[in-house]
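Subject: Structure for you to look at

Dear colleague,

Here is the structure I said I would pass on. My notes follow below it.

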Amino acid sequence: MKMEIPETKKLVFEMRFPVRWGDMDAMGHVNNTVYFRYLETARIEWMASVGCNPDPNGQGPVIVNAFCNFYRQLEYPADVLLKLYVSDPARTTFETWGTMERVDQPGVICAAGGATTIWVDFPQQKAAPLPDWMRALVSAD
């Protein structure tokens with residue numbers, strides 16, 4: 001299954017990081033599971049940068065699905081630029097999308113993925129409406 005990143009989305013965060021030697025597998029390229037870690041790291045860094053600090057006794061975001069499409073191999077050594085986008089706010093959810101490219105090959109997407117984020121009331125273990133401040137962040141300008 002191949003999922004496509006939508007054209008209508010909002011860039012909210014960028015981060016650069018080096019490919020680590022340990023990110024590679026026996027085939028000499030970044031292991032597919034590591035791309036999910038890269039996407040997770042960008043989501044967490046973005047959320048922290050906007051003051052989203054989940055409280056186990058309150059509310060916060062939870063990922064309910066994730067995907068990644070692999071287009072070109074990433075290998076050590078390289079620096080990666082990950083661009084994080086958001087879209088499609090609904091009552092309790094929004095989408096996050098990420099593209100990954102080598103810094104020395106701008107615009108050449110090596111991988112792209114995404115995740116559906118749902119806002120949860122942790123003590124009740126139930127979906128909760130997106131707070132207004134989060135809805136404003138993930139809504140198109």
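Gln125 is exposed, because its relative accessibility of 66% is over the 50% cut-off. This residue sits in the loop between β5 and β6 (126-127), and its phi is positive, about 55°, although Gln125 is not a glycine. Please bear in mind that the model is a predicted one.

Asp88 is another non-glycine residue with a positive phi, in this case near 55°. Asp88 belongs to the loop between β3 and β4, that is, to a hairpin with 5 residues between the strands. Its relative accessibility is 48%, so Asp88 counts as partly exposed. Most residues other than glycine have a negative phi, and most peptide bonds are trans. Pro77 lies in the loop between β2 (59-70) and β3.

Strand β3 (residues 79-87) is largely enclosed by the rest of the structure, because 7 of its 9 residues are buried. Which strands does it pair with? Strand β1 (residues 10-18) runs antiparallel to β3 and is joined to it by 8 bridges; Arg16 stands opposite Leu81 in this pairing. Strand β4 (residues 93-102) also pairs with β3 in the antiparallel sense, again over 8 bridges. There, Tyr85 has Trp97 in β4 as its bridge partner. The ring of Tyr85 has a further contact: the charged end of Lys9 sits over it, 5.0 Å from the ring centre.

One of the pairs is Trp119 with Trp133, in an edge-to-face arrangement with 6.0 Å between the centres and 85° between the planes. Trp119 is in strand β5 (residues 109-121) and Trp133 is in helix α2 (residues 132-138), so this pair ties together parts that are 14 residues apart in sequence. Are the two residues buried or exposed? Trp119 is buried, at 3% relative accessible area, whereas Trp133 is partly exposed, at 39%. Elsewhere, Phe17, Tyr35, Tyr38 and Phe70 make up one aromatic cluster.

Those are my notes on the model.

Regards

Definitions and conventions:
Residues are numbered from 1 along each chain as its sequence is written. This is a predicted model: local features need pLDDT of at least 70, side-chain atom pairs count only at pLDDT 80 or more; totals for chains, interfaces and linings use all residues. Side-chain values use heavy atoms; hydrogens and water are left out. Rings of Phe, Tyr and Trp (its six-membered ring) pair if their centres lie within 6.5 Å; planes under 30 degrees apart count as stacked, over 60 as edge-to-face and the rest as tilted. Helices (H or I, at least four residues) and strands (E, at least two) are DSSP runs, numbered from the N terminus. Buried means under 20% relative accessible area, exposed over 50%, partly exposed in between (1.4 Å probe, protein chains only). A charge sits over a ring if NZ of Lys or CZ of Arg is within 6 Å of the ring centre and within 35 degrees of the ring normal. Two strands pair if DSSP finds at least two bridges between them.
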